Every structure is written in C-alpha cells, then in structure tokens.
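User: Could you walk me through how the labels for this structure are decided?

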Amino acid sequence: MNQGTSSSTVGIDAIAIATPRAYLDLVDLAAARDVPSDKYTKGLGAIRMAIAGRHEDPVTLATDAASRLFARAGVDASRIGYMAVGTETGIDHSKPVASYVHGLLGLPAACRVFDTKHACFGGTAALMGAVEWIASGAARGRSALVVCSDIARYALGSPGEPTQGAGAVALLVTERPRLVELEVGHTGTYARDVHDFWRPLSRRDALVDGHYSVSCYLDAVAGAFGAWRDEDVRRGGAPLARTAYHVPYVKMAKKADRHRAIACEGLDEAAAEARFARDVGSSLAFAAEVGNVYTGSLYMALAALLHAEAGVLEGERVGLFSYGSGCVAEFFAGRVAVGAADVVESLALDEPLRDRVRLDFGAYEAIRRADGDEPAGVTADDEVDVASDRCAFVGVDAAERRVYRRATHGSTPRADAASTAAA
Ligand code: CAA
C-alpha cells in the first residue's frame with residue numbers, strides 16, 4: 001500500500017541480528033543483588049541479557065549484523081546507495097559508526113552514509129529516511145542498508161541494571177520487499193520534551209528516571225497510536241493482525257499493548273490480556289534472551305515475530321511502535337509479503353542466539369569495571385582473541401583512532417577497506 005510517487009511497494013526485504021558472544025543469566029544477577037529472581041524473570045520478563053566484551057562495541061555489532069544480512073540474503077553490496085546507523089551509544093563525538101561500517105563492509109563510495117540519534121528512535125529515523133529516499137525515486141533502483149546498534153548500560157546495582165543488553169539489527173530496505181511492505185506516509189507521531197532517560201557526554205552509563213520513563217512511554221503509545229488510528233479510520237485500513245513494540249524489557253511491551261487496548265480502544269482487562277497473548281507474545285522471544293538493544297529493540301521484536309509466525313502472517317497487516325526517550329514516538333504499519341516465510345527460513349534469524357557463552361557474575365562485574373580501559377597504541381596487525389568470523393575492536397592507535405579487525409568471511413570487503421579500518 002505504498003502511497004509514494006511510484007506504484008511499487010517499499011519496505012524491509014531482509015533482516016539479520018547480531019549479539020555479543022556472552023550473556024548474564026538474570027537468575028545469577030538476582031542472586032548477586034539479593035533480589036527474588038521472579039522480580040526479574042516474571043516482573044520484568046527478562047531471562048538473559050547480552051554483555052559486550054572488550055572487543056565488541058556498536059561498530060563490531062553493526063558490522064556483524066550487516067555482514068550476516070549480506071551473506072544470508074545474498075545482498076549485492078554495490079547496489080547500496082544509502083547506509084545509516086541508528087545508535088545512541090556511538091564511540092566518537094564526531095566520526096559516525098556508519099563510516100566505520102561503510103569501510104569494514106566495503107560499500108560503494110557513491111553512498112549517503114550517516115548516523116541518526118534520538119535515543120531508541122534513531123533506527124526508526126534512519127528507516128523512515130531510507131523508505132522515503134526509495135519512494136521518492138532518488139534511489140534509482142538502489143537499496144538502503146539501515147543498521148541499529150547499541151550497548152544498553154546502567155550503573156551497577158541500579159534498578160535499570162536488569163534491563164541492560166547489547167545487539168544490532170540490520171535491515172535491507174528495497175522496492176518490492178520480500179518481508180514487509182511498509183505503508184509509506186501513513187504514520188502517527190508524538191513528541192514531548194521530557195527528562196525520562198539521558199546520558200551526559202561524560203558518562204558511559206545511562207541515567208534514567210525509571211518509573212517516570214514508563215509513564216512517558218505509555219503517554220507516547222496513546223499519542224502516536226491515536227494519531228495513526230485517526231488517519232487509518234479515514235483510509236479504511238484493515239485490522240492489525242500483530243503489533244511489535246519497542247521493548248526496553250519484555251513487561252513494557254505488555255504494559256504498552258494493555259494501555260493501547262484499554263485507554264485507546266475501550267477493551268476490558270480480559271480482552272486486553274487475550275489480545276496481548278495472541279498479537280504481541282511471539283515478538284518478545286529474542287528480547288527475553290538479549291535484553292534492551294535500544295535502537296534495534298523494535299526491529300528485534302519484528303525479527304522474532306517473523307521468525308515465529310511469518311507463515312501465518314503472509315498477507316496480514318502488522319503494527320510497529322517505536323519509542324525514543326526525550327521523547328518521540330511513531331506508530332506505523334506494514335503488510336507481511338506473500339512468500340516471506342521462505343525468506344525468513346533462509347535468514348536463520350535466531351542463529352546468533354544459539355552460540356553464546358554464559359558469564360558468571362564475577363566475570364560480568366569485571367567486564368563492567370574495565371569499561372573504558374581500551375588497549376592503546378595498537379596497530380591493525382595486533383592479534384585479538386575473537387572468533388575470526390566476527391568483527392573485533394582491537395584498541396586505539398597512537399593517534400587515538402579506533403582500530404578494527406574485520407571478519408574473515410561473511411562480508412565482501414573492498415581492497416582498500418583494511419586501511420579504512422586501521423586509519
Ligand atoms: N515476583 C514477581 N514480580 C515482582 C516481584 C516478585 N518477587 N517483585 C517485583 N515484581 C514486579 C513488580 O510488581 C513490577 O511489575 P509491574 O510493573 O507490572 O507492577 C516489576 O516486577 C518491576 O518491579 P519494580 O517496579 O519495583 O522495579 P524497579 O523499581 O526496581 O525498576 C524499572 C523497574 C523502573 C523498569 C527499572 O528496571 C528501570 O529503570 N529500567 C530502565 C528504564 C526503562 O527501561 N524504562 C522503560 C521506558 S523508557 C524506554 O523504553 C527507553 C529505553 O529503551 C530505555
């Protein structure tokens with residue numbers, strides 16, 4: 001249902017996720033913090049949270065997600081003309097994560113490359129730009145790569161600690177997409193200047209007014225969904241079969257859907273509970289394993305939804321809710337393409353979750369306490385103890401430039417990409 005200048009559809013053609021190798025089990029965190037484990041596993045809905053090691057950062061996670069996308073979906077890198085990274089945990093005040101990823105992947109020089117930031121909304125801003133770039137005709141048949149990549153970190157021992165996580169989601173945006181045809185120009189937006197969550201420049205850990213952030217998120221659901229629904233009624237849109245939400249922790253998606261159901265749609269408690277189980281439940285499986293991935297969180301929920309149910313959802317309409325603290329939110333929708341189930345199977349979306357290592361609490365604390373101790377004076381030739389199919393942060397060189405080792409397979413690097421990575 002593309003409303004743009006062309007009669008063709010625009011949307012998400014392929015998805016891939018990446019997570020750090022290590023995770024902390026929430027039962028282990030609860031024991032260390034002397035909290036009943038049910039508070040984390042049932043109260044917040046978190047089972048595990050991914051923990052980034054010293055050779056992983058938003059650049060490596062983004063590169064791994066995009067490399068996997070290219071390999072699994074058979075992407076022709078020379079056809080990418082737009083590459084944007086949504087992140088709120090960038091590693092430099094000026095040089096974007098996107099520039100590193102552009103170099104590490106060997107993308108064409110004729111490419112619009114940039115980062116987008118608005119807390120967890122940055123990925124959606126990048127996606128909307130990509131969709132509109134294609135729908136406007138400016139892409140001239142080329143595709144867009146959108147990557148959401150973040151490491152969610154709160155102070156040790158703080159209420160936010162069990163809602164950490166890390167990961168990236170890469171989206172290939174094209175005409176005639178094989179997964180989800182987005183409804184171009186039909187979105188509901190909501191914004192308000194609030195201090196619910198922020199991270200001053202000097203800090204690595206986010207600061208958050210936790211319970212206030214939950215109420216800001218719920219106000220944003222009502223605002224963005226209400227705006228979208230008013231327009232949808234005018235257009236005579238079909239019902240939504242499923243909805244994927246931004247998932248800072250699993251229970252938040254339940255609160256969001258319940259608020260929408262009761263406050264905006266007039267459902268009673270029982271109907272709201274049944275709708276959540278049917279329409280939202282399957283989108284939360286990856287978030288329960290990885291935790292909050294900030295910009296990528298909505299798209300990890302979409303990946304989980306398609307992984308679980310693409311077959312039954314072909315031809316159906318799905319809603320998408322993106323929230324960025326500060327705050328801005330957008331509700332939009334798309335139709336799952338006919339044939340999506342076969343594509344989803346070939347993408348093996350859950351593969352990165354299978355090969356992981358459980359950290360004990362002491363190892364987790366040691367990683368956190370070493371935050372910021374980056375190896376210095378390194379060169380691109382320095383060895384790092386990371387699997388060769390993963391991109392690795394080696395350290396900073398004598399001029400404080402970040403040095404990366406790219407994965408030895410899974411991507412299609414340009415011949416001069418090594419100098420980009422080490423420069
Ligand atoms: N067994 C079962 N459930 C239990 C329990 C037990 N023993 N003990 C407590 N619970 C339940 C509570 O009833 C509560 O459930 P409800 O919310 O349904 O009432 C839940 O566990 C959490 O308990 P508390 O509210 O007491 O937890 P808390 O005060 O320690 O912290 C939090 C909760 C505020 C969400 C905190 O984890 C936090 O600050 N997280 C980071 C902020 C965040 O994620 N905000 C979300 C909106 S902002 C956003 O979306 C942007 C973003 O990505 C950050």
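This is a predicted model: local features need pLDDT of at least 70, side-chain atom pairs count only at pLDDT 80 or more; totals for chains, interfaces and linings use all residues.

Analyst: Happy to. Residues are numbered from 1 along each chain as its sequence is written, and side-chain values use heavy atoms, with hydrogens and water left out.

User: What makes H7 a helix, and what span is expected for H7?

Analyst: Helices are DSSP runs of H or I with at least four residues, strands are E runs of at least two, and both are numbered from the N terminus. H7 covers residues 250-264, which is 15 residues. The expected span is 1.5 Å times one less than the number of residues; for H7 that is 21 Å, and the helix reaches 21 Å from its first C-alpha to its last.

User: Which residues of H7 are buried, and what covers them?

Analyst: Val250, Met252, Ala253, Ala256, Asp257, Arg260, Ala261 and Cys264 are buried. Their cover includes helix H2 (37-44), helix H6 (210-235) and strand S14 (328-336).

User: Why is Thr19 called buried?

Analyst: Buried means under 20% relative accessible area, exposed over 50% and partly exposed in between, with a 1.4 Å probe and protein chains only. Thr19 has 2%, so Thr19 is buried. Thr19 sits in the loop between strand S1 (10-18) and strand S2 (22-25). Contact means heavy atoms within 4.5 Å, and beyond four places in sequence the contacts of Thr19 include Leu61, Val290, Arg356 and Arg390.

User: Why is S14 described as largely enclosed?

Analyst: Because 8 of the 9 residues of S14 are buried, the strand is largely enclosed by the rest of the structure.

User: How do you know which strands pair with S14?

Analyst: Two strands pair if DSSP finds at least two bridges between them. S8 (residues 180-182) has 3 bridges to S14, S9 (residues 188-191) has 4 and S13 (residues 317-324) has 8. Each of these pairings is antiparallel.

User: What makes a set of residues a nonpolar core?

Analyst: Such a core is a set of buried Ala, Val, Leu, Ile, Met, Phe, Trp, Tyr and Cys residues joined through side-chain atoms within 4.5 Å. The largest one here has 132 residues, and Ile15, Leu145, Leu179 and Phe321 have the most contacts inside it. Helix H10 (residues 297-313) gives the most to this core, with 11 residues.
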